Amino acid sequence: MIKKVAAIHDLSGVGRCSLTVILPTLSVMGIEVCPVPTAILSTHTGGFGEVEMRDLTDYIMPALAHYKRLGLNFDCIYSGFLASTEQVSHCLDFFSTYPDALKVVDPVMADHGKPYKTCTPELRTRMKELAAAADVITPNLTEAAILLGEDPSYLPRSHSDVKSMLARLSHMGPETVVITSVYTGDEAYNAGYDSKANKYWKVPFKPISAAYPGTGDVFASVLTGALLSGDSLPIAMSRAADFLELAIMTTFSYNTDVREGIMLESCLGRLSEHGIMSGYELL
Ligand code: PXL
């Protein structure tokens, strides 16, 4: 059976992030995506100047009510960029309506040590609440620090610092935690913790000197698709890392405007293959 995901994310028209990458990524992995848009934006907020935005906060609950009337079921609820703090409550309502669904929270708030403009103090507090209710969370390093109440520019110095972050995040509630884009010393990797198995995982990646928007969304989508397909955490993390490495290397070679994101269209075919290339190790 095809798995069904309710994807509670924004729809940004230009810049290849959120729903514009989540939909094709999960579809090519054989998973149906039912978008629940949190907002519509002309572009993402990363460098295109003044953005035209419509907040869809008042859309989400009536949409959920319709799904309930239809008796629809979802195998996964996957949330990301939220346009208002009320949308945290709406995500929690999706979670409680579908208690058997895999609850994935990508706590989109910040990157590279800096909160996005939309990341208010209230959103930080409420995002912690949402993360606590999730099964899987996928913060980048900056978001992980914010969720832990640390300075967003906090940089772990050692593997044990990273393991401590993973364990503390998991103690907040989620069974599985993946922190993306971790740098300690000269190593770059994604770090994962499966609290049920009490195992920490490290999946290294080759850093590149361009930061493309939307890569966190693609990582979390491949990870979600792989977990829904029954992959173990290290294999799901490796599939996500391999795919991103291919997409980033492809894009970098064409010297495109970084604001346009990764050249997903050239690479999507690779995702329908199951082999893993990059290694994983215990952290
Ligand atoms: O990729 C994260 C993201 C999602 N949605 C919007 C964004 C960003 C990052 O900048 O601006 C609207």
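# A first look at helix H4 and its surroundings

In this predicted model, the buried residues of helix H4 pack against strand S6 (76-79), helix H3, strand S7 (102-105), strand S10 (136-137) and helix H5 (141-147). Helix H4 itself runs over residues 121-132, and helix H3 over residues 86-97.

- Which residues of H4 are buried? They are Leu 123, Arg 126, Met 127, Leu 130 and Ala 131.

**Where H3 meets H4**

- As a reminder, two packed helices are described by the angle between their axes and the distance between the axes.
- For H3 and H4, the angle is about 10 degrees and the axes are 10 Å apart.
- An angle under 35 degrees counts as roughly parallel, and H3 and H4 are therefore roughly parallel to each other.
- On the H3 side, the contact involves Val 88, Ser 89, Cys 91, Leu 92 and Phe 95, while H4 brings Arg 126, Met 127, Glu 129 and Leu 130.
- Sorted by class, this contact of H3 with H4 holds six nonpolar, one polar and two charged residues.

**Where H2 meets H3**

- H2 contributes Thr 57, Ile 60, Met 61, Leu 64, Tyr 67 and Lys 68 to the contact, and H3 contributes Glu 86, Gln 87, His 90, Asp 93, Phe 94 and Thr 97.
- By class, the contact of H2 with H3 counts five nonpolar, four polar and three charged residues.
- Setting aside residues up to four places away in sequence, His 90 touches Thr 57, Ile 60 and Met 61.

**Asp 55 in strand S5**

- Asp 55 belongs to strand S5 (residues 53-55), and with a relative accessible area of 38% it is partly exposed.
- Apart from its neighbours within four places in sequence, Asp 55 is in contact with Thr 38, Ala 39, Ala 83, Ser 84 and Gln 87.
- How far is Asp 55 from Ala 197, 142 residues apart along the chain? Their C-alpha atoms are separated by 40 Å.

**Two loop residues with positive phi**

- For context, most residues other than glycine have a negative phi.
- His 112 has a positive phi, near 50 degrees, and is found in the loop between strand S8 (110-111) and strand S9 (114-115).
- With a relative accessible area of 61%, His 112 is exposed.
- Asn 255 also has a positive phi, near 55 degrees, and its place is in the loop between helix H8 (233-253) and helix H9 (264-267).
- Asn 255 is exposed, with a relative accessible area of 70%.

How values were computed: Residues numbered from 1 in each chain as written. Predicted model: local features only at pLDDT ≥ 70, side-chain atom pairs only at ≥ 80, totals over all residues. Heavy atoms only, no water. Axes fitted to C-alpha atoms, helices over the stretch in contact; angles between N-to-C directions. Helix = DSSP H or I, 4+ residues; strand = E, 2+ residues; numbered from the N terminus. Parallel < 35°, antiparallel > 145°, perpendicular 65-115°, else oblique. Contact = heavy atoms within 4.5 Å. Nonpolar A, V, L, I, M, F, W, Y, C, P; charged D, E, K, R; others polar. Buried < 20%, exposed > 50% of the residue type's maximum accessible area, 1.4 Å probe, protein only.
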